[in-house]
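Morning, everyone. Let me put the structure up, and then we'll walk through it.

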Amino acid sequence: MISPLMDTGASKMIVRRATIDDAADIAWCNMRGWQVGYRGIMPDDFLDSLDHSQRTENWRKNLSDDGDSKYTLVAQLNGKAVGFATIGPSRDGMNGYDSELWAIYVDPDHWGQGIGRALFDRVTRDLKSRGIESTYVWCLRDNHKGRKFYEAIGGMYLEGISKKFILNEEPYEEVAYGWRDL
């Protein structure tokens, strides 16, 4: 199902289910989102070493696993995916939430254009159409731009709930944001 066209000035954007053909664009958004969004949080040498071809292959595998309960949406602008969101069941059994927003990233060249909000709005509509009323997301504690985004789209900071994300033997704290009533 394709969302209605959204006017973003001179360009038109659609939000739709991702296909394996979107893997390279999704990998680019994911990789660039990390490189720009996590700069100053994670080591530069790690961020600079991210490999687009490896991420593309990982996304091909991820997308081939998509189904009814876990899937990825893309925001497409002028025929190119410039953002994505993956939604699925809770991976860690967060009490009181029916689903988890596994990831949402927008190519940094398109930040501030409403693409992340459009993706989340589509996630919300999809979940509600399936009778799912709540979701949550994990965010690096020090990712202030990401945290501001979740707050701007109505996410409530779940105070006192955190977990460790280990990357190259370094721990990073993640905090949660939730939407109890989509």
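At roughly what angle do the axes of α1 and α3 cross? Roughly 120 degrees, and the axes of α1 (residues 23-37) and α3 come within 8 Å. Axes here are lines fitted to C-alpha atoms, for helices over the stretch in contact, with angles from 0 to 180 degrees between N-to-C directions.

Some ground rules. This is a predicted model, where local features need pLDDT of at least 70, side-chain atom pairs count only at pLDDT 80 or more, and totals for chains, interfaces and linings use all residues. Residues are numbered from 1 along each chain as its sequence is written, and side-chain values use heavy atoms, without hydrogens and water. Helices (H or I, at least four residues) and strands (E, at least two) are DSSP runs, numbered from the N terminus.

Back to the helix pair. α1 and α3 are therefore oblique to each other. Oblique is what remains once angles under 35 degrees are called roughly parallel, over 145 roughly antiparallel, and 65 to 115 roughly perpendicular. Who meets whom? From α1, the residues include Trp28, Met31 and Trp34. From α3, they include His52, Trp59 and Leu63. Contact means heavy atoms within 4.5 Å.

Beyond its neighbours within four places in sequence, Asp66 contacts Tyr71 and Thr72. A polar atom of the Asp66 side chain lies 2.9 Å from the backbone nitrogen of Thr72.

Now the inside. How many residues does the largest nonpolar core have? It has 27, and Leu101, Leu119, Tyr150 and Trp179 have the most contacts inside it. Such a core is a set of buried Ala, Val, Leu, Ile, Met, Phe, Trp, Tyr and Cys residues joined through side-chain atoms within 4.5 Å. Buried means under 20% relative accessible area, exposed over 50%, partly exposed in between, with a 1.4 Å probe and protein chains only. Elements giving two or more residues include β5 (100-106) and β8 (170-179). α4 gives the most, with 6 residues. Another core lies apart, with 22 residues, among them Phe46 and Leu167.

Last stop: Phe149, in helix α5 (residues 144-152). Leaving out neighbours within four places in sequence, Phe149 touches Ile104, Gly116 and Arg117. Phe149 and Arg117 are 32 residues apart in sequence, yet 8.6 Å apart in space, C-alpha to C-alpha.

Note on methods. Polar contact = N/O pair within 3.5 Å; in protein donor to acceptor, adjacent residues only side chain to side chain.
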